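This report covers pockets, strand pairing and backbone geometry. The sequence and structure come first.

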Amino acid sequence: MTGTPAPFTADDYQARMERAARAAADAGLAGVLVAPGPDLVWLTGYAPPAATERLTLLVLAAGQDPVLVVPTLEAPDAEKAAGAPAMTLRDWTDGKDPYATTAPLLDAAGRFGVSDNAWALHLLGLQKALPGTSYVSLTEGLPMLRAVKDAAELERLAAAGEAADATYEEILKVSFAGRRESEVAGDLADLLRRFGHSQVDFTVVGSGPNGANPHHEAGERVIDNGDMVVLDFGGLKHGYGSDTSRTVHVGEPSAEERRVHDVVREAQEAAFRAVRPGIACQDVDRVARAHITEAGYGDRFIHRTGHGIGVTTHEPPYMIEGEEQPLVPGMCFSVEPGIYLPGRFGVRIEDIVTVTEDGGRRLNNTSREMAVVH
């Protein structure tokens with residue numbers, strides 16, 4: 001395992017906030033309003049101690065110093081954030097109107113990008129205080145804000161991918177047959193933590209017919225000899241995401257099971273090889289989908305080919321038809337085609353890929369051949 005990366009500095013966060021303000025101006029927005037959540041962590045390094053009904057809001061606008069509006073009782077924690085030196089804190093006390101504190105910071109007739117997880121309560125409060133303002137979600141207004149990773153972010157994503165790979169290598173050593181899906185899922189979670197994950201987001205274990213449900217929650221089904229088993233797991237290490245899928249078989253697979261697995265593996269390889277700067281996100285999806293369709297399983301590939309990853313395990317950009325955003329070096333996303341045969345089995349193979357100057361680089365490097373487990 002790689003060592004712990006150096007922490008981000010106030011200068012790093014200042015650069016991100018300046019970039020966000022410029023991006024907002026370029027998109028015709030008056031600024032960006034960021035509530036607690038992954039955007040706030042990425043921009044400032046600050047994560048409030050818990051979900052709260054009290055307004056916390058970062059206000060960014062070109063030509064204006066960043067301001068973080070916080071409840072007075074949480075200001076001491078905010079002051080300790082790595083990005084605190086790069087912004088001004090403006091606190092408000094219980095019994096006061098937080099929107100009256102925030103309103104002077106905003107253009108009264110402006111259109112603002114708002115982080116996706118902002119509470120409706122707070123957005124409605126701002127609209128009441130400033131009826132001339134309007135709002136758009138950051139996913140819609142600035143979808144690529146966090147999409148292009150710098151070298152330090154790529155180092156963290158690579159470390160998370162390495163830990164997920166180590167988890168897969170270890171899970172191949174455990175018994176599958178005769179155990180519940182939930183037990184194997186518990187093994188996956190324990191292994192992710194052993195290899196440095198601070199947070200486990202999902203551990204999909206879809207055995208037999210359950211594998212035909214891409215987001216099957218590991219349940220009490222007992223895995224049997226002859227089952228295909230879809231494994232999809234990931235979480236956060238050093239604040240950045242992992243997400244990988246492999247499909248294993250308990251005992252020797254049938255010729256049909258091998259064929260379906262081969263089709264998915266070949267589609268995943270073709271889509272990975274298509275990755276390069278300048279092509280549209282949808283082109284990655286088209287390559288994978290064309291291969292699966294040609295093999296006769298087009299109607300059984302029922303989800304997008306991929307999603308972005310960073311401080312969350314799912315974020316823009318998305319590898320799906322209609323997404324014309326061109327790939328840019330530093331983007332990171334999953335490439336995960338699948339085939340799902342209802343009532344029988346499913347197959348999915350997934351790697352995280354980053355765009356390089358002349359192609360793509362996988363951040364997951366375990367074998368994509370079908371592993372036979374016991």
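## Largest pocket

The largest pocket has a volume of about 380 Å³. The model is predicted: local features need pLDDT of at least 70, side-chain atom pairs count only at pLDDT 80 or more, and totals for chains, interfaces and linings use all residues. Residues are numbered from 1 along each chain as its sequence is written, and side-chain values use heavy atoms, with hydrogens and water left out.

A pocket here is an open set of points on a 1 Å grid over the protein atoms alone, where a 1.4 Å probe fits, with protein on both sides within 12 Å along at least five of seven lines; lining residues have an atom within 4 Å of a point. Grid points are joined across faces, edges and corners, and a volume is the space filled by probe spheres set on the points.

Lining the largest pocket are 18 residues, of which Val204, Pro214, His215, Asp232 and His314 lie nearest its centre. Strand 7 (residues 199-207) gives the most to this lining, with three residues; strands (E, at least two residues) and helices (H or I, at least four) are DSSP runs numbered from the N terminus. By class, the lining of the largest pocket holds five nonpolar, six polar and seven charged residues (nonpolar: Ala, Val, Leu, Ile, Met, Phe, Trp, Tyr, Cys and Pro; charged: Asp, Glu, Lys and Arg; polar: the others, Gly among them).

## Second largest pocket

The volume of the second largest pocket is about 240 Å³. Its lining has 16 residues, and Asp39, Asp116, Thr139, Arg146 and Pro316 lie nearest the centre. Two or more lining residues come from each of helix 2 (38-44), helix 6 (138-141) and strand 12 (315-319), with strand 12 giving the largest share, three residues. The lining of the second largest pocket divides into eight nonpolar, four polar and four charged residues.

Strand 12 also contains Pro317. The peptide bond from Pro316 to Pro317 is cis, with omega near 5°.

An open sheet of six strands has the order 4-3-2-1-5-6, with mixed pairing (two strands pair if DSSP finds at least two bridges between them). Strand 4 (88-92) and strand 6 (134-137) are at the edges with a single partner strand each, so one side of each has no neighbour in the sheet. Neighbouring strands of this sheet are turned by 25° against each other on average, direction ignored.

Strand 1 (residues 31-34) pairs with strand 2 (residues 57-61) in the antiparallel sense over three bridges, and Leu33 stands opposite Val59 in strand 2. Helix 1 (residues 10-26) packs on the sheet, touching strand 1, strand 2 and strand 3 (64-71), and its direction makes about 60° with that of strand 2. Contact means heavy atoms within 4.5 Å; axes are lines fitted to C-alpha atoms, for helices over the stretch in contact, and angles run from 0 to 180 degrees between N-to-C directions.

Seven of the seven residues of strand 10 (residues 244-250) are buried, so the strand is largely enclosed by the rest of the structure (buried: under 20% relative accessible area; exposed: over 50%; partly exposed: in between; 1.4 Å probe, protein chains only). Strand 10 pairs with strand 8 (residues 228-237) in the antiparallel sense over six bridges, and with strand 18 (residues 371-373) in the parallel sense over three bridges.

His238 lies in the loop between strand 8 and strand 9 (240-241). Phi of His238 is near 55°, a positive value in a residue other than glycine. His238 is partly exposed, with a relative accessible area of 26%.
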